[in-house]
Amino acid sequence: MCLLALLWGASFPLIKVAVETVPPIWVATLRASLGGLVLLALLGPRLRTCWQAARDGDWFVSQGMLNVVVPWILVAWASRIIDAKLTTILNSLSPIFIFLITWAVTRHEPATPRKFVGVALGLAGVVTIVGADALGGLGSHLLAEAACVVGSLSYGLAAVVGRRYDRLPSLVPAAGSVLAGAAILVPIALAMEPWPANASFRSMAAVAALALFSTGFAFVVYFRLLASIGSIATASQAYLRIVIGVGLSVALLGETLGPSHWLGLGLVVAGVVAMTLRRKGDP
């Protein structure tokens with residue numbers, strides 16, 4: 001879980017660097033394509049299992065849409081407008097969304113008062129962070145922050161849907177979902193934006209790091225955790241990811257946190273901790 005938090009926490013400052021000279025749609029597309037090739041190379045003899053899953057009718061399209069296409073486009077677009085620290089915080093809401101989905105729809109998690117308190121704290125944190133922009137009207141910052149929240153919801157849906165792959169080797173759904181996402185993104189990118197021929201080495205290096213570490217390696221760890229400890233427990237790495245992502249954004253990109261950001265960060269972390277940490281005797 002600490003490893004996954006590091007790999008995904010580092011992705012937000014990397015995306016911020018990548019979108020400096022690479023259009024957001026191409027950041028998502030290159031990340032999915034290169035990351036998918038890395039996972040494909042790692043599959044080895046499990047390639048037959050992946051192909052068999054596809055032949056059985058599961059082309060990993062839903063997982064590719066929810067875990068790759070929707071959140072990666074939204075976060076990359078938002079990263080051109082808001083700081084990496086904010087995208088990190090607002091993308092940490094997945095455990096809260098996972099709980100709400102499982103409580104309202106799948107009902108495989110008991111709804112305890114402590115978890116409801118966690119939901120309230122997390123949502124209060126988002127309102128605290130986004131509130132200043134909301135008071136100023138529907139501006140570009142508010143839209144970017146909302147895009148990050150929608151991306152977090154998409155990740156939450158992906159974690160719930162991803163439980164159906166717990167009988168497959170973790171590399172199989174990891175490769176299948178990223179490759180499915182790449183297959184969807186490539187024609188969209190070609191239709192929307194020209195190839196980023198003038199992209200800087202710095203931005204392309206960030207894209208390569210996103211593909212190798214925050215995609216290829218991270219997705220293997222992610223699906224292994226889903227299969228072994230479940231969706232909500234896996235999502236508990238979110239509050240570690242906040243600390244890592246915000247810390248790297250402040251240390252490497254020179255970003256700063258205002259009072260409302262610190263308060264919102266504290267509320268979100270408290271909410272996720274309340275949602276995911278188990279006490280003795282908890283069901």
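Buried means under 20% relative accessible area, exposed means over 50%, and partly exposed lies in between (1.4 Å probe, protein chains only). The views below come from a predicted model, in which local features need pLDDT of at least 70, side-chain atom pairs count only at pLDDT 80 or more, and totals for chains, interfaces and linings use all residues. Residues are numbered from 1 along each chain as its sequence is written, and side-chain values use heavy atoms, with hydrogens and water left out.

**View 1. Salt bridge between Arg 202 and Glu 20.** A salt bridge is a side-chain nitrogen of Lys or Arg within 4 Å of a carboxyl oxygen of Asp or Glu. In this pair the closest N and O atoms are 2.9 Å apart. Arg 202 belongs to helix H11 (residues 201-229), while Glu 20 sits in the loop between helix H2 (11-18) and helix H3 (24-43), so the contact ties together parts that are 182 residues apart in sequence. Helices (H or I, at least four residues) are DSSP runs, numbered from the N terminus. Arg 202 is partly exposed at 45% relative accessible area, and Glu 20 is partly exposed at 44%.

**View 2. Salt bridge between Asp 83 and Lys 85.** Here the closest N and O atoms lie 2.5 Å apart. Asp 83 is partly exposed, at 29% relative accessibility, whereas Lys 85 is buried, at 2%. The whole structure holds two salt bridges.

**View 3. Cys 50 and Cys 148.** A search of the whole structure finds zero disulfides, a disulfide being a pair of cysteine sulfur atoms within 2.5 Å. Cys 50 is buried, with 11% relative accessibility. Cys 148 is also buried, with a relative accessible area of 0%.

How values were computed: Helices (H or I, at least four residues) and strands (E, at least two) are DSSP runs, numbered from the N terminus.
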